[in-house]
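Hello,

Here is the structure I said I would pass on. My notes follow below it.

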Amino acid sequence: WNLSPQTLTKTTLSFPKPGIKFQTHVFSSASKTCSYTTLCDSSMTRRGLLFRQLFEKESSTYTYLLADVSHPRKPAVLIDPVDKTVERDLHLVKELGLKLIYAMNTHVHADHVTGTGLLKTKVPGMKSIISKASNSKADILVEAGDKIYFGDLFLEVRATPGHTLGCVTYVTGSDQPQPRMAFTGDALLIRGCGRTDFQGGSSRQLYESVHSQIFTLPEDTLVYPAHDYKGFTVSTVGEEKLYNPRLTRDEETFEKIMENLNLPYPKMIDVAVPANMVCGLQDTAEPVQAASSN
Ligand SMILES: N[C@@H](CCC(=O)N[C@@H](CSS)C(=O)NCC(=O)O)C(=O)O
């Protein structure tokens, strides 16, 4: 079999019922055709977990929508919403019949304004979430080990500082739909990682965070970052442990790589950071310490 890329075609099918999409990959050579079918990774429902990956193109930011659709109220959370795409996200939430209960940030973003504050003005009762270590305002301030429940599903909080002081990774539970999913913010990007040259960043700390908190997850854990600049959508822990050009190196080499990135500052940093310290634009009640720790 000579399976050249030119002979690869993809067909997206809705089967066996609407809302659950499979992608059929068809390979053909001169004399033979074969195919295999996979779940599309940007939109899936697995045993009650509805998942959507959404993109904001100006800042190349991913927002993630998760909901427990087995629960009668279909409670949902948005991870890293962007102010510019709040209307799109809310329209989707409404179309899918979900109840948005939390809008959460992985960290204080420097390149765009979070949609969290705007969402609060539009969704009565919805709570904002950020880490306590970010020193920012939100309704709920989370710490490592906290569990954020939506219906019967939850996201566990892992502290992954290094890109910023208060970065966290949200991970689906070990007893929840498999494989697990890690929403890594800017700590771990696909074949990259967040820069460490402002907002309390530290390459030493980032190296330790990724190795101890993300690379220790099962190899098939799906990695969903807050950004991608190259067109990637998802990776796995196993893949990043093998192929990440920065984090597969020893710590000293990693620090040198990070020192020499020479990236220009994000264009919106002076606007975005102060706004995001108060979750976009919001007037919150006194924050509570954690979501639900059980
Ligand atoms: N050009 C963009 C900012 C690009 C950038 O600096 N991205 C950050 C994450 S957002 S603070 C980053 O950590 N990048 C790492 C990398 O290796 O690219 C803009 O002006 O907004």
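Which residue in strand 18 does V223 stand opposite? The residue facing V223 there is S235. Please keep in mind that this is a predicted model.

V223 belongs to strand 17, which covers residues 222-225. Strand 17 pairs with strand 18 (residues 235-236) in the antiparallel sense, through two bridges. Strand 17 also pairs with strand 14 (residues 181-185), here in the parallel sense and over four bridges.

Is V223 buried or exposed? V223 counts as buried because it has 23 C-beta neighbours inside 10 Å, and the cut-off for buried is 20 or more. Leaving out residues up to four places away in sequence, the contacts of V223 include L188, I190, V237 and E240. V234 is also on that list; its C-alpha lies 5.7 Å from that of V223, although the two are eleven residues apart in sequence.

Last, the ligand. The shell around the ligand consists of 13 residues, and D111, G194, R195, P266 and K267 are the closest. By type, the shell divides into five nonpolar, four polar and four charged residues.

Regards

Technical notes: Residues numbered from 1 in each chain as written. Predicted model: local features only at pLDDT ≥ 70, side-chain atom pairs only at ≥ 80, totals over all residues. Near = placed C-beta within 6 Å. Nonpolar A, V, L, I, M, F, W, Y, C, P; charged D, E, K, R; others polar. Buried ≥ 20, exposed ≤ 12 C-beta atoms within 10 Å, placed from the backbone. Contact = placed C-beta atoms within 7 Å. Pairing = 2+ DSSP bridges.
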